[in-house]
Amino acid sequence: MDSAILVSILLSIVSASTPLLLAATGELVTERSGLLNLGVEGMMLVGSVVGFAVTYSTGSALLGVVAAALGGAAMALVFSFLTLTLLANQVATGLALTIFGIGLAAMMGAGFVGHPVPKLPGLHIPGLSELPVVGPLLFGQDALVYFSFLALFGTTWFLFHTHGGLVLRAVGDSHDAAHAIGYPVIRIRYAAALFGGAMSGLAGAYLSLSYTPMWAEDMTAGRGWIALALVVFATWRPGRLLLGAYLFGGITILQFHVQTLGIGVPAQLVSMLPYLATIVVLCIISTDRGRIRLNAPACLGRPFHAAG
Amino acid sequence: MVRGWPMHLEIVARGERSKLWTYLSPVLAIVLTLVTAAILFLLLGKDPMTALKVMWLDPLLTKRGFAELFVKGAPLVLIAVGLALGFRANVWNIGAEGQFIMGAIFASGVALAFHDVTAWPVWLAMIPAGILGGAFWGAIPAFLKLRFNANEILTSLMLTYVATLILLYLVVGPWKDPEGYGFPQSRMFGDSANSPRVIPGTRIHVGVFAALAVVGIGWFVLSKSLLGFKLKVLGHAPRAAAYAGFSTGQLTWLSLLVGGGLAGLAGMFEVAGPIGQLTPALPTGYGFTAIIVAFLGRLHPVGVLFGGLVLALSYLGGEKAQILLGLPAAVTKINQGILLFYLLACDLFIRYRLRLVVPGRKAA
Amino acid sequence: MGGAGGVGSAESPVVRSDSNADQPLLSLRGIGKTFPGCIANEAIDLDLWPGEIHALLGENGAGKSTLVKIIYGVLKPDAGEIRWQGRPVALANPAQARALGIGMVFQHFSLFEALTVTENIALGLTDPSQRRDLRHRIVAIADAYGLPLDPDRVVHDLSVGERQRIEIVRCLLQDPRLLIMDEPTSVLTPQEAERLFATLRRLAAEGCAILYISHKLDEIRALCERATILRQGRVVATCDPRIEDSRYLAELMIGAELAAPSHGRRPDFDAATRLVVAHLTRASDQQFGTDLHDITFDVRAGEILGIGGIAGNGQSELMAVLSGEVLADRSERITLDGQPVGRVGPDGRRACGACFVPEERNDHGAVREMTLAENAFLSGHRRRNLARRGIIDRLRTLLFAGEVVSDFDVRTSGPKAEARSLSGGNLQKFIVGREILQRPGVLVVAQPTWGVDAGAAADIHQALLNLADTGAAIVIISQDLDELMMLSDRIAVIAGGRLSPPRPVGEVSVAEIGLLMGGVHGSRVAHAS
């Protein structure tokens with residue numbers, strides 16, 4: 001295969017994988033604290049529209065990205081307040097967050113549909129970025145791509161090499177025991193949820209500022225839900241998240257190439273691939289019940305109310 | 001809960017669940033949603049009172065409008081009754097939208113296959129086809145959950161995307177109307193494939209009465225039958241269900257088959273009634289809105305009936321507001337999301353009460 | 001992740017003075033604590049001196065746990081004063097208590113199953129400087145006090161005794177001035193308990209005060225110099241348990257003299273065998289469960305078989321297989337009145353005459369969120385015909401629930417009260433009553449009186465004996481050895497998923513049972529502990 005085609009395929013895989021990696025990293029931290037936030041899709045959508053609107057209005061992509069993170073975090077705050085302070089059912093609240101997010105994003109974005117913004121600028125290191133194949137791949141990406149890796153490695157380091165990470169895992173494993181020792185379970189979960197929201201917001205911003213550089217209704221197209229499935233796929237370990245995100249990014253891209261190859265399979269059927277793959281992968285991972293139980297945070301989805 | 005505050009509210013568990021708040025919570029949630037909507041309209045530069053009137057009152061004032069409430073409410077109620085049974089048993093079928101679409105597709109298949117037949121059995125045959133389509137789509141997550149332990153929330157949702165793509169494929173491919181000027185939609189169904197209208201001058205069709213019947217059956221199952229009891233026990237305490245000898249597998253199958261079947265039936269009535277053909281515009285989020293209906297109706301079939309009417313009104317009001325006030329269509333969805341937020345928040349009072357903590361009563 | 005580091009911030013800056021033998025280390029004056037619907041502590045006074053082992057004695061529900069949670073800062077008292085070395089202190093949270101030098105070993109360990117021993121201990125250390133070089137310090141302390149512990153193992157692989165050692169080492173690492181032990185021996189074999197006592201005596205000799213909570217009189221008389229006795233939330237006496245006799249202590253603790261259950265029958269060895277379990281082997285479905293190996297026993301009509309053992313040795317797995325919640329590999333493994341039922345679920349076994357009381361009341365034996373009537377229906381609908389053609393017979397259900405409530409003296413507002421509104425003892429009486437009133441031919445009961453007050457326990461014991469007198473075969477799985485010795489005709493011990501051969505109660509000593517509990521019966525040792 002021509003190296004230019006290869007590079008373009010690899011680049012497109014990176015850009016399809018990055019939003020998944022960002023959102024799933026955030027959700028992984030949230031779930032590790034014992035909180036199940038099914039509203040990733042909604043938080044991503046709000047992030048995508050906020051990021052786009054701010055970038056479009058101010059001309060500053062940096063401001064847009066920061067605003068997207070804040071937007072996602074604000075959504076997560078709503079979720080946390082309902083589930084942590086008001087003890088609402090986490091599954092139902094997550095769904096409400098998604099329904100609300102779809103509506104909110106559609107309303108906020110109504111005036112922006114069809115307007116383009118400049119794509120997030122890629123890194124340019126003279127000499128390195130021009131190298132064949134590795135140049136554009138390693139030294140020509142935009143900031144959010146590098147950040148997605150940084151966030152993943154930072155999360156791994158935080159979770160397994162710091163006391164704060166140990167406490168977060170402990171809260172997810174047994175909130176009662178953590179509370180008995182005196183750790184502020186609720187505050188820790190708020191923090192984890194806000195991080196998850198901010199990461200979802202960034203994932204959304206990546207879609208509207210880099211992946212397509214424009215905004216459209218429901219542009220996440222289920223990626224938030226796929227990110228949720230990726231956390232299960234990774235059995236709550238960050239290392240495997242990278243593999244999962246790039247696997248799914250690859251499948252998404254494969255879909256486009258099957259279409260261009262003109263094999264004669266209808267486009268709609270090929271578009272089902274990522275969703276069907278999600279189902280298949282979920283089945284393969286979940287079928288080992290022991291492994292899921294061993295790795296899933298024991299308090300995932302369970303409400304916590306300190307008596308007394 | 002927060003230390004060091006001069007005076008604050010503390011959340012205290014109640015000894016027993018509050019019956020009063022079970023019913024008061026949705027009412028309060030609706031009131032709070034209206035207040036929030038008024039503020040939202042103000043921010044959008046509309047007169048809040050006019051906007052509220054247009055959205056929540058005007059649709060009820062004409063006979064036709066009032067009838068539309070039931071036409072819109074019927075699919076919501078049909079789907080939500082099925083979801084409520086499942087949610088009771090902690091079976092989280094989130095993919096009712098996909099099951100709705102599959103029901104519509106199966107029913108359309110029958111209608112298109114017998115397009116030239118003018119006898120009423122065509123319509124009759126579409127009913128089981130719709131139920132079958134939805135139940136089939138609901139059976140997949142049930143099978144995957146029981147066989148592979150795969151989370152039904154994610155699988156049923158992924159299947160919704162798949163169903164939408166199947167619908168798209170059909171209307172641009174094999175089922176595309178040859179005389180449709182290239183529009184992606186099927187032929188209009190024959191008259192024999194349309195639900196009989198019941199009340200002249202309105203669009204009220206047989207589906208509305210089917211929804212009412214399902215409410216009655218659902219109520220009976222849930223409150224009188226052993227089956228309903230099993231679902232409730234499974235939802236409250238899976239270990240107690242195992243102790244009693246109630247089969248989780250059987251109840252999971254049942255929840256998803258019934259939920260899917262009813263969603264499929266709703267899809268069938270939608271294509272055979274108001275729409276009359278298969279179009280890409282079929283998925284309007286009824287399957288997701290029905291989740292709100294189920295919660296608003298306290299997962300109780302009779303409550304679902306009221307919840308369905310409230311949410312149907314929000315659709316009608318949203319359309320009116322779009323036309324008359326130029327409000328964006330998304331306002332409907334936002335309102336629905338906010339309603340569910342408030343409802344979940346107000347449900348706090350069912351199990352807990354607030355206690356004002358006044359400083360000065362310091363311990364030790 | 002700013003919230004994660006916030007634990008240490010609430011500590012009060014207390015400077016430790018040298019221990020002063022002229023004043024108590026800790027003194028409580030007038031402590032009171034009320035929960036909705038119950039007064040847990042009322043006007044409690046208590047002094048603890050350095051170097052003493054002080055018993056806090058009382059029945060379940062007497063308020064012992066509430067009191068120590070107040071001392072450890074978990075609960076805030078509604079009234080009263082706490083003084084530490086003469087200075088009034090307000091303990092807002094456990095971190096403050098630890099900063100003063102108070103350590104606590106809970107009855108139910110606050111451990112994190114998925115984390116290692118070292119990680120668990122690190123979580124309990126508030127001061128980051130204490131976490132430095134932790135692994136080595138754990139090994140050093142463990143060696144010094146004779147508490148063998150591997151710092152790198154994950155908690156879910158450890159035995160209960162090892163888990164308790166983690167808690168103790170965690171406390172010892174902080175040089176406690178006061179160590180609170182909440183019912184520490186309830187999960188230990190007699191031999192493990194002896195080892196614990198040696199550690200505690202050594203700590204006391206080094207000047208540490210120990211508050212020892214228990215309701216076991218023998219061990220308190222062997223270990224403690226002073227005892228404070230609680231009843232219904234109040235202090236009823238403070239005395240030297242070594243000079244008072246057990247009977248006097250028991251009466252103080254219980255309040256009224258209790259009638260011993262009448263045991264007026266002799267086992268009839270010619271009676272028909274009603275329950276047979278033969279070579280039952282089954283791997284546990286649970287992640288940290290115990291596999292069952294070759295379980296064999298039978299129970300005759302009118303006989304009570306007691307199955308003892310330390311928690312977590314296969315009791316819950318055995319109960320699940322007996323009740324049908326988990327199926328055996330072959331039908332012949334379990335027979336009820338000659339009928340093979342190993343592959344039949346709970347409902348089918350009920351139809352064959354068996355009834356079950358699981359160990360856990362809440363959301364296993366009964367649904368907390370449902371009414372007593374619904375809970376009566378839960379397991380009773382088969383044998384009491386409470387449903388016809390799939391329709392619930394509401395009237396019969398209410399009548400049945402009412403019958404249970406009145407026959408078993410369940411204190412409640414009526415059959416329409418939610419199960420969660422009942423106290424633990426009352427709910428247990430309801431569940432036991434619900435099963436007994438179904439007139440089972442075989443009854444399997446796990447922990448019939450766990451967490452139940454003495455009066456209710458006596459009622460439940462009597463009801464079980466009465467049922468046996470009607471010709472039912474009964475299996476009692478319990479960790480309470482006294483209970484088993486009192487009720488059983490024969491007794492067996494489960495350890496590491498293996499059941500010792502049942503032996504008549506009169507022919508076996510407590511020491512022998514202790515050895516069996518430790519897994520010493522010819523086969524491998526269950527948990528290396």
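## Close-up views of a predicted model

**View 1. Strands β21(C) and β22(C) form an antiparallel pair over 2 bridges.** Strand β22 covers residues 498-499 of chain C. Strands pair here if DSSP finds at least two bridges between them. Helices (H or I, at least four residues) and strands (E, at least two) are DSSP runs, numbered from the N terminus. C:Ala495 sits opposite C:Arg498 of β22(C). The hairpin of β21(C) and β22(C) has 2 residues between its strands. In this hairpin, C:Gly496 has a positive phi near 55 degrees.

The model is predicted: local features need pLDDT of at least 70, side-chain atom pairs count only at pLDDT 80 or more, and totals for chains, interfaces and linings use all residues. Residues are numbered from 1 along each chain as its sequence is written, while chains are lettered from A and ligands numbered from 1 in the order in which they are written.

**View 2. Strand β21(C) also pairs with β13(C) and β23(C).** Strand β13 (residues 304-308) of chain C runs parallel to β21(C), with 4 bridges. C:Val493 is the bridge partner of C:Gly308. Strand β23 (residues 503-504) of chain C is antiparallel to β21(C), with 2 bridges. There, C:Arg490 is bridged to C:Pro504.

**View 3. Both faces of β21(C) are covered.** A residue is buried if 20 or more other C-beta atoms lie within 10 Å of its own, exposed if 12 or fewer, and partly exposed in between; C-beta atoms are placed from the backbone. In a regular strand, side chains alternate between the two faces of the sheet. On one side of β21(C), C:Arg490, C:Ala492 and C:Ile494 are buried. On the other, C:Ile491, C:Val493 and C:Ala495 are buried. With 6 of its 6 residues buried, β21 (residues 490-495) of chain C is therefore largely enclosed by the rest of the structure.

**View 4. Domain 2 of chain C touches domain 3 of chain C.** Domain bounds come from an automatic or database domain assignment. For chain C this gives domain 1 (18-254), domain 2 (258-353 + 440-529) and domain 3 (367-439). Domain 2 brings 14 residues to the contact and domain 3 brings 12 residues. Two residues are in contact if their C-beta atoms, placed from the backbone, lie within 7 Å. On the domain 2 side, α10 (346-351) and α14 (454-469) of chain C each give at least two residues. The largest share, 5 residues, is from α14(C). This side holds 9 nonpolar, 1 polar and 4 charged residues. Ala, Val, Leu, Ile, Met, Phe, Trp, Tyr, Cys and Pro count as nonpolar, Asp, Glu, Lys and Arg as charged, and the others, Gly among them, as polar.

**View 5. Chain C meets chain A.** Each chain is represented by residues in the contact: 26 residues from chain C and 26 residues from chain A. On the chain C side, α2 (94-100) and α3 (117-124) are the elements that give two or more residues. The largest share, 4 residues, belongs to α3(C). This side of chain C has 15 nonpolar, 8 polar and 3 charged residues.

**View 6. Helix α13(B) is largely enclosed by the rest of the structure.** Chain B has 14 helices and 2 strands. Its helix α13 spans residues 330-346, 17 residues in total. From first C-alpha to last, α13(B) reaches 24 Å, close to the 24 Å expected at 1.5 Å a residue. The expected span is 1.5 Å times one less than the number of residues. Of the 17 residues in α13(B), 17 are buried. Across chain B, buried residues make up 55% of the 364 residues.
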